[in-house]
Amino acid sequence: MTERLGLLVLGLGNVLCGDDGLGAAAVHLLQQAYRVPEGVLVIDGGTLGLALLPMLQDAEQVLMVDAVRAPGAEPGTAVRLAGMDVPPAVRERLSPHQIGVADLLDAAQLMGCGPGNMLLVGLVPHDLGLRVGLSPAVERAMPALVETIVAEARALGFEFVPRPHDEQARRLDGADGVVSLLGLRRPGR
Amino acid sequence: MAHVVVDPITRIEGHLRIETEVEGGTVRDAWSSSTMFRGVEIILKGRDPRDAWVFTQRICGVCTTVHAITSIRAVEHAIGANPPPNARLLRNLIIGAQCVQDHVIHFYHLHALDWVDIVSALSADPAKTASLAQSISDWPISGRAYFTDVRARLKDFVAGGRLGPFANAYWGHPAYKLPPEANLMAVGHYLQALDFQRQFIRMHAILGGKNPHLQSFLVGGMATPVDADSQNALNMGTIAELSKLVASARDFVTRVYMPDVLAIAAFYKDWAGIGAGVGNYLSYGEYPEDDNPNPNMYLPGGTILNRDLGKVAPVEPDKISEYVKHSWYDYKGGDDKPLPPFKGETSPNYTGPKPPYERLHLDRKYSWVKSPRYEDHPMEVGPLARMLVAYAYGRPSRVKELVDNTLKALGVGPQALFSTLGRTAARAIESQVIAEKMQDWVAALAESMARRDYRICDNSKFDPSTWPEECWGSGFHEAPRGSLGHWVHIRNGEIVNYQCVVPTTWNAGPRDAHGKRGPYEEALVGTPIAKPDQPLEILRTVHSFDPCLACAVHVLDTERREIVKVSVV
């Protein structure tokens, strides 16, 4: 077994389905604005399933970022779930052969090495239709979501350090495909 | 007559719905429907063709690499880019790794649960399980202590009430035939398959970067630098690592997967006579062995009609067209005539019942999947089609050897291949053939390095000013679950039209304008059903095709999506 990872920040969702991809988009924005500290892995998990198992198994703690449907709540509303409230929220994340992220957590447990601490932060989506890009309400809430990830990581003992402005600009021009393709703006700080 | 509906078919990406008429314990008729809309084509209009793969790889979490490869092939075909040999080798390795990995996942994590009763495993004797495992293979992780531990872990897990991946199944169903020890062995191998997958996935990191979505594709070749002496490139060290991973895949497939399939199949030989389906097979061919415009393929392309292995013909893509007579789309020229993919239209028009509903309008339109046909024939695609085409051509000889060995081990003739069991066996055979072949591609890559041939991409056509004002391209690929084609029409550097005909569209499509059933529908007719309220047998046959509806159709149907109750902060 390789050395365990301190914290896995896992963005989830389909970037072709509007706000469904907000979790995946958020981790790209995070990586643009911040240097990832030692002991942390930031991954755009998209709608992948078993491919994520090695990372989930290796991680002591997992912070998932996802769109969360909450009846009655305004689009863009922040949501936070912890511990055993997390699996039901990601149960709808079906992936290889309907092995969803919740099933992966179970499989990791069956193998005796699931993450000890689970958190989920996210936003209430507005539009999950076939579309690339976020709805205005969700896009407005994205910078705050990125800051929430940073704050949650800090509470767990991991400090994301802001990139200098020229470095952020370079990354925007670089190969970080998803963000530029999706036409997302970097979070203002 | 009972009307049995399975919706959604469990453990499948996307929403697949099967309706059947059951009479006298047998399926008399069947309808296959997808209740999700398809339409990635719409998203791609107006975009840069060089970026299309980034979008198509996000269609589905199971099929990321396959849509990327096919998109790149289609665009390269349109603009006339010629990837160099190293790019071909790297792509073959990526395709091969995806194939082996996907087949192992399909068998252990989807399909085995249709044959293996997890709950029965709890009553198995670990010592007898060890003897069984050791009698079918020399795989070392097979001792009594190991199976005692597996049983204890399973017991804890079930006692915790979190069945997780084992939920929603028909445990204790009379159609399960394995003794408890075989069931426990399978549970052990389910866990080992997870372990294997965890190791083997490092292939992706080496070939495609740290992100689980591969980042190394490029129209014209690959973005992975190759340099024997560089730390930041594929070098002699990574070649050694690739070689080790490929050897471990061959080991797992040969000593665990294949023996398990044979051992389980021996208890279910009646399924060699069930689930044949349309009897027409299509494979585009895969794993190019040279860099010509029409390369020789390690697994040859071809078509077989009416189960006639004596007549295999080359594929002519112009013979492919799609009907929407029973699909929720409109064609401008009317729904009775099919359209070829280059002229394909994606105009959704839902005319089905308003959810929630009991039954679809089976005599009218009933699916979001179109009905592809080859010269008006419904065709089955997938590992069975590929193995049959290779078997019929007699090349590669390894396919013929392994198919004949499998038939001999089970004491059945070639007709047994046309069945649910045939599909499952073909997937294991293909895994072994490809796991063995991958070592040749690693060796060829090492030879390139030794020659200091580091070419990885044809950049001559990357600039859109080098393209014709208007061009068309088609890309073909044999994905793990079958034949995948992308068709692209480019004008002034932008995508005008994009059409995907995906494996699950071929297999899961509804009837055509002539009323001919699609492959799932035909395969289900005649299936025995022991308990209509627990149609395990329907799942066996549908799962044997390895369905993936997320590709065949696309958007999540929010109306039907489970709403999660959460507290808002």
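## Helix pairs and loops in chains A and B

Trainee: B:Pro396 sits in the loop between H10 and H11 of chain B. What is omega near for the peptide bond from B:Arg395 to B:Pro396?

Mentor: This is a predicted model, in which local features need pLDDT of at least 70, side-chain atom pairs count only at pLDDT 80 or more, and totals for chains, interfaces and linings use all residues. Residues are numbered from 1 along each chain as its sequence is written, while chains are lettered from A and ligands numbered from 1 in the order in which they are written. Helices (H or I, at least four residues) and strands (E, at least two) are DSSP runs, numbered from the N terminus. The peptide bond from B:Arg395 to B:Pro396 is cis, with an omega near -5 degrees.

Trainee: How is H10(B) oriented to H11(B)?

Mentor: Axes are lines fitted to C-alpha atoms, for helices over the stretch in contact, and angles between N-to-C directions run from 0 to 180 degrees. Angles under 35 degrees count as roughly parallel, over 145 as roughly antiparallel, 65 to 115 as roughly perpendicular and the rest as oblique. Helix H10 (residues 383–393) of chain B packs on helix H11 (residues 397–410) of chain B at about 105 degrees, with the axes 8 Å apart. The orientation of H10(B) to H11(B) is therefore roughly perpendicular.

Trainee: How many nonpolar residues does the contact of H10(B) with H11(B) have?

Mentor: From H10(B), B:Met387, B:Ala390 and B:Tyr391 make the contact with B:Val399, B:Lys400 and B:Val403 of H11(B); two residues are in contact if their C-beta atoms, placed from the backbone, lie within 7 Å. Ala, Val, Leu, Ile, Met, Phe, Trp, Tyr, Cys and Pro count as nonpolar, Asp, Glu, Lys and Arg as charged, and the others, Gly among them, as polar. For H10(B) with H11(B), one residue is charged, no residue is polar, and the nonpolar count is five.

Trainee: How is H9(B) oriented to H12(B)?

Mentor: Helix H9 (residues 236–265) and helix H12 (residues 420–450), both of chain B, have axes that come within 9 Å and cross at roughly 165 degrees. The orientation of H9(B) to H12(B) is therefore roughly antiparallel.

Trainee: Which hand does the crossing of H9(B) and H12(B) have?

Mentor: A crossing is left-handed if the near helix is turned anticlockwise from the far one by less than a right angle, and right-handed if clockwise. The contact of H9(B) with H12(B) has 19 nonpolar, six polar and two charged residues. The crossing of H9(B) and H12(B) is left-handed.

Trainee: B:Lys437 is part of helix H12 of chain B. Is B:Lys437 buried, exposed or partly exposed?

Mentor: A residue is buried if 20 or more other C-beta atoms lie within 10 Å of its own, exposed if 12 or fewer, and partly exposed in between, with C-beta atoms placed from the backbone. Leaving out residues up to four places away in sequence, B:Lys437 touches B:Gly96 and B:Tyr298. Because 18 other C-beta atoms lie within 10 Å, B:Lys437 is partly exposed.

Trainee: Which hand does the crossing of H5(B) and H6(B) have?

Mentor: Helix H5 (residues 126–136) and helix H6 (residues 144–159) of chain B pack at about 120 degrees, with axes 8 Å apart. H5(B) and H6(B) are therefore oblique to each other. The crossing of H5(B) and H6(B) is right-handed.

Trainee: B:Asp546 has a positive phi of about 60 degrees although it is not a glycine. Is B:Asp546 buried or exposed?

Mentor: B:Asp546 lies in the loop between helix H15 (536–544) and helix H16 (549–552) of chain B. Because 28 other C-beta atoms lie within 10 Å, B:Asp546 counts as buried.

Trainee: B:Asn306 is in the loop between strand S9 (302–304) and strand S10 (312–313) of chain B. Is B:Asn306 buried or exposed?

Mentor: B:Asn306 is not a glycine, yet has a positive phi of about 50 degrees. Because it has 9 C-beta neighbours inside 10 Å, B:Asn306 counts as exposed.

Trainee: What percentage of the 189 residues of chain A count as buried?

Mentor: Chain A has seven helices and seven strands. Residues 24 or more positions apart account for 79% of the contacts in chain A with a separation of 6 or more. The buried share of the 189 residues of chain A is 54%.
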